[in-house]
Amino acid sequence: MPRTSSKASADRAHSSKPTPESRDIPRRDFLRLAGLAALAVTGGVEHVYHGPVGRNHLRPPGAVRERDFLATCIRCGRCAEVCPYRSIRILGPGKGLHVGTPLIDAEKIPCYLCMKCVEVCPSGALKPVPAEEAGMGLAHIIEDTCWAYNGTALCRACYDICPLKDRAIKLERLKPIIVEEACVGCGACVKACPVTPERAIYVDPPKP
Ligand code: SF4
Ligand code: SF4
Ligand code: SF4
């Protein structure tokens with residue numbers, strides 16, 4: 001009896017590990033499902049692309065688009081190390097795929113556009129752009145609460161602090177006006193605004 005051949009086939013049946021190709025679903029669907037499972041773990045597509053980035057919570061200057069940032073940043077932390085203002089904090093555990101990536105909270109310490117971080121980034125996650133192309137977001141003034149607009153005071157703190165004064169922000173009849181084409185979203189104006197508890201000016205990051 002050719003026992004060896006039936007044993008060999010039995011051995012093959014028991015020893016071969018399942019692969020995506022050997023399962024009932026095609027490999028392409030397997031990979032897609034695996035990807036969706038990973039997204040479910042981290043909270044879904046919105047969480048992966050937006051994550052901790054949002055109003056007044058910004059990536060450093062020169063950052064690639066948010067949907068590319070997680071795959072480009074190598075979590076080396078060099079941008080945070082070199083920042084003389086300690087504007088950049090590195091996200092810790094609990095931030096899912098965003099752990100180890102840099103973030104700026106403009107209400108606490110904004111970016112002052114010294115551009116040291118873009119010089120040291122080795123991965124291309126922060127592109128070596130000039131300050132005028134930092135691309136961190138766009139400032140918006142809330143006229144109802146802004147002292148210059150509602151008559152509370154002759155405030156111009158946002159205008160005075162702006163590193164791109166008279167380009168990104170101008171005064172018209174003693175009221176600040178954001179110039180959309182020139183504001184880079186550094187957030188210095190947010191930090192300087194005296195209105196509390198919610199500032200009368202905020203920065204929204206670019207679309208992911
Ligand atoms: S540009 Fe300068 S101030 Fe702004 S985050 Fe980079 S190192 Fe810090
Ligand atoms: S207006 Fe505000 S966010 Fe825009 S560049 Fe000036 S300080 Fe930065
Ligand atoms: S600093 Fe705040 S309150 Fe003052 S002018 Fe600017 S937005 Fe208005």
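1. Ligand 1 is surrounded by 14 residues, the closest being Cys-83, Cys-111, Cys-114, Lys-116 and Cys-117; a residue counts as near a molecule if its C-beta atom, placed from the backbone, lies within 6 Å of it. By class, the shell around ligand 1 holds twelve nonpolar residues, one polar and one charged. Here Ala, Val, Leu, Ile, Met, Phe, Trp, Tyr, Cys and Pro are taken as nonpolar, Asp, Glu, Lys and Arg as charged, and the others, Gly among them, as polar.

2. This is a predicted model, in which local features need pLDDT of at least 70 and side-chain atom pairs count only at pLDDT 80 or more, whereas totals for chains, interfaces and linings use all residues. Residues are numbered from 1 along each chain as its sequence is written, while chains are lettered from A and ligands numbered from 1 in the order in which they are written.

3. The protein chain has an average pLDDT (the predictor's confidence in each residue, from 0 to 100) of 83, and 76% of the residues score at least 70. Over residues 1–49, pLDDT stays under 50, and the model has 19 contacts beyond four places in sequence for them; a contact requires C-beta atoms, placed from the backbone, within 7 Å.

4. Around ligand 2 there are 14 residues, with Cys-162, Ala-168, Cys-183, Cys-186 and Cys-189 the closest. This shell comprises twelve nonpolar and two polar residues, with no charged ones.

5. Ligand 3 is likewise surrounded by 14 residues, of which Cys-146, Cys-155, Ala-157, Cys-158 and Cys-193 are the closest. Its shell has 13 nonpolar residues, no polar and one charged. Helix H7 (147–150) and helix H8 (157–161) each supply at least two residues of that shell; helices (H or I, at least four residues) and strands (E, at least two) are DSSP runs, numbered from the N terminus.

6. An open, antiparallel sheet is formed by three strands in the order E1-E3-E2. Strand E1 (57–58) and strand E2 (88–90) stand at the edges with a single partner strand each, so one side of each is left without a neighbour in the sheet. E1 pairs with strand E3 (residues 102–105) over two bridges, pairing being assigned where DSSP finds at least two bridges between strands. Within this arrangement, His-57 stands opposite Asp-105 in E3.

7. Gly-100 lies in the loop between E2 and E3. Beyond its neighbours within four places in sequence, Gly-100 is in contact with Arg-75, Ile-90 and Leu-91. Gly-100 and Ile-74, 26 residues apart in sequence, are 8.3 Å apart in space, C-alpha to C-alpha.

Definitions and conventions:
Two residues are in contact if their C-beta atoms, placed from the backbone, lie within 7 Å.
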